Amino acid sequence: MKISVIGTGYVGLVTGTCFAETGNTVFCVDNNIEKVKKLQDGKITIYEPGLDVLFERNINQGRLKFTTNLAEGIEDAKIIFLALPTPPGADGSADLKFVLEVAKHLGPLLKDYVVIVDKSTVPVGTSEKVSAAITQNAKVPFDVVSNPEFLREGVAVEDFMKPDRVVIGTSSERAKELMEKLYAPYVRQGNPVIFMDERSAELTKYAANAFLATKITFMNEIANLCEKVGANVDDIRRGIGSDSRIGKRFLFAGIGYGGSCFPKDVQALGKTSEENGYDFRMINAVMDVNDKQKTMLLPKLNAYFEGKLAGKKIAVWGLAFKPNTDDIREAASLNNINALLEMGAEIVAYDPEAIENVRQIVGDKIKYAKDQYQAAEGADAILIMTEWPVFRTPDFELLAKTMKNKAIFDGRNLFETEEMKQIGFHYESIGRKPVMI
């Protein structure tokens, strides 16, 4: 099947590549000339584990192609995916200007029936707006379908190739048949393709991400209470996570959620509620708690140095909002770096993938290390922002020899408190008793 994917950002590139992997011919369209040239030359433009292998294979076998020409990219396509940015506006609502602009251009270019799919995360009612924009200049029949993505950065290829479920919003039997055929290779193990109306599909994505963000935030609130009453949030996590009604995932306390999805989608859901006259108090609380949680370690760090952080060297381990990605959007590391710089601290940071992205924002205000140990040399303290696997079993003997102070402030609860006590490190984390050395 000939597929067109408009937009080669994170969702678009993963979508196009994974559809090509099952034998479809995929044209990816983007108006960024420099990016398209790199992709045409076989240079992948995002970091996502496993994507590079599929990307290279499908380019070499001629199934995955890139162009800046919209007419060329959609010619003979049976299905056109819109994988375009929907950034939050000043009021928190999702900005649909990129989606609707492309929709207007599509109308006069359509030559035969086609299914147009909203793959971007969009507010309720967007499919109707897209349909109206295309209808202005379209001379052939078409259907607009909502098919939200549920990709987790770091495991997006696996999520796409073996989805928990596929959600499709459409009221058209013709579109339903095409979408069923397209997704058949991905659900052979029996995972459901769930059909519903367009508005329900659009809200399903917001509801899913907001629920997960709420689950994370609840555990962070429990962690904060644990510190007040002397309980251990890890024990509580295990105690409630074994309940099948709750489940084990998204129960790890830390310094809040970030990335390109949760913050934006929670904010957009809150705005949608407001626009429809509903006071979604829980969502507003989630956003407020998460904003505060990101810098929860700073008062502890400041107290350790008795309010004298100026001139102290802080080694920041981790910059990405989560491991296995280079994405720093809404990352807690940025909040903490900015606050520490204002306090006069000196920062040396290390991240396996996200350094260049941070450098573009922070520049030379901080220093960057080649690995976690170089960052820690002569450091007064380590501040852990991201739970990269490489940080989980460090050489504590080496750290003890090279650090100025044996102090670690852990925003991701990587280490056991008893172990830290035995090796003589001052160790403070989230929702657990501090090890005061």
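E75 counts as partly exposed because its relative accessible area is 41%, where buried means under 20%, exposed means over 50% and partly exposed lies in between, using a 1.4 Å probe and protein chains only. The residue sits in the loop between α4 (70–74) and β4 (79–82); helices (H or I, at least four residues) and strands (E, at least two) are DSSP runs numbered from the N terminus.

Together with E72, D76 and D112, E75 forms a negative surface patch. Such patches are made of residues with over 30% relative accessible area and no salt bridge, with like charges joined within 9 Å, and the place of a charge is taken as CG of Asp or CD of Glu. Asp and Glu count as negative, Lys and Arg as positive, while His and the chain ends are not counted; the accessible areas come from the Shrake-Rupley method with a 1.4 Å probe.

## Basis of the model

This is a predicted model, in which local features need pLDDT of at least 70 and side-chain atom pairs count only at pLDDT 80 or more, whereas totals for chains, interfaces and linings use all residues. Residues are numbered from 1 along each chain as its sequence is written, and side-chain values use heavy atoms, with hydrogens and water left out.

## Salt bridges

The structure holds 18 salt bridges, each defined as a side-chain nitrogen of Lys or Arg within 4 Å of a carboxyl oxygen of Asp or Glu. One of them joins the side chains of R152 and D159 at 2.7 Å, N to O; R152 is partly exposed at a relative accessible area of 34%, whereas D159 is buried at 12%.

In helix α11, K271 and E274 lie three residues apart, about one turn of the helix, and their side chains form a salt bridge at 3.4 Å, N to O.

R412 is buried at 16% relative accessibility, and E387 is partly exposed at 22%.

## Positive phi angles

Most residues other than glycine have a negative phi. E330, however, has a positive phi of about 60 degrees although it is not a glycine; E330 belongs to the loop between β9 (313–317) and α14 (332–342) and is partly exposed at 46% relative accessible area. N413 likewise is not a glycine and has a positive phi of about 50 degrees, and N413 is found in the loop between β13 (407–410) and α18 (417–422), where it is buried at 11%.

## Residues within helices

N302 lies in helix α13 (residues 298–304) and is partly exposed at 28%. Residues up to four places away in sequence not counted, N302 touches G307, K308 and L309.

How values were computed: Patch = residues over 30% accessible without salt bridge, like charges linked within 9 Å, V, L, I, M, F, W, Y side chains within 5 Å. Contact = heavy atoms within 4.5 Å.
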